[in-house]
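Welcome! Please look over the sequence and the 3D view below, then try each exercise before you read its solution.

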Amino acid sequence: MKDTYLVAVAISLTATCMNNVGMLNMKRSLMVNAARTEPLPVFKQLRWVLGFVFYLIGQIFGAVALGFGPQSMLAALGAFSLVVNVFTSPCILGEVLTWFHVAATFVIVSGVVIVVLFSKK
């Protein structure tokens, strides 16, 4: 049972990626829709619906991960969403990535690694 924390980490990181990509796609859909002359309701925007499905599945994965590892460790892994966001926002939303973002991401990753390594297993 002690080795299940690796499964928890894998599931939690997958959930974080899915949540982030889902939210970014929902935002992108809303941005594109706002530029239309006749905006569509969100449930008719395929990109928004798919983003919501990704987000929902990510939330379910996050709940499943809690069954495999301690919440104190998994909560720290939630910060990984910032890392995912730094690298996916430029692709999905066209945002600009700066060296400050990369440096801050490195600090966040370092903190998360420390928490995961020294958390209760």
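Some notes on the model come next, followed by the exercises.

The model is predicted, so local features need pLDDT of at least 70 and side-chain atom pairs count only at pLDDT 80 or more, while totals for chains, interfaces and linings use all residues. Residues are numbered from 1 along each chain as its sequence is written, and side-chain values use heavy atoms, with hydrogens and water left out.

**Exercise 1. Find the overall layout of the chain.**

Step 1. Look for helices and strands, which are DSSP runs numbered from the N terminus (helices: H or I, at least four residues; strands: E, at least two). The chain has 5 helices and 0 strands, in the order α-α-α-α-α.

Step 2. Turn to burial, where buried means under 20% relative accessible area, exposed over 50%, and partly exposed in between (1.4 Å probe, protein chains only). Of the 121 residues, 31% are buried.

Step 3. Take contacts, meaning heavy atoms within 4.5 Å. Among those between residues at least 6 apart in sequence, 76% join residues at least 24 apart.

**Exercise 2. Describe the largest nonpolar core.**

Step 1. Use the rule: such a core is a set of buried Ala, Val, Leu, Ile, Met, Phe, Trp, Tyr and Cys residues joined through side-chain atoms within 4.5 Å. The largest has 10 residues, including Y5, I11, L77 and V116.

Step 2. Ask which elements supply it. Two or more residues come from each of α1, α3 (71–77) and α5 (99–118), and α1 gives the most, with 4.

Step 3. Zoom in on I11. Not counting residues up to four places away in sequence, I11 touches F61, V64, A65 and F68.

**Exercise 3. Classify the aromatic pair.**

Step 1. Apply the test: rings of Phe, Tyr and Trp (its six-membered ring) pair if their centres lie within 6.5 Å; planes under 30 degrees apart count as stacked, over 60 as edge-to-face and the rest as tilted. This gives 1 aromatic pair.

Step 2. The ring centres of W48 and F52 are 5.5 Å apart and their planes stand at 5°, so the pair is stacked.

Step 3. W48 and F52 are separated by about one helical turn because they are 4 residues apart in α2.

Step 4. Compare accessibility. W48 is at 17% and therefore counts as buried, whereas F52, at 36%, is partly exposed.

**Exercise 4. Compare F80 and T105: is each one buried or partly exposed?**

Step 1. Locate them. F80 is in helix α4 (residues 80–92), and T105 lies in helix α5.

Step 2. Read the accessibility. F80 has 24%, so it counts as partly exposed; T105 has 7%, so it counts as buried.

Step 3. List their contacts, leaving aside residues within four places in sequence. F80 is in contact with L13, T16 and C17, and T105 touches V83, V86 and F87.

Step 4. Check a distance across the chain. F80 and L6 are 74 residues apart in sequence, and their C-alpha atoms are 16 Å apart in space.
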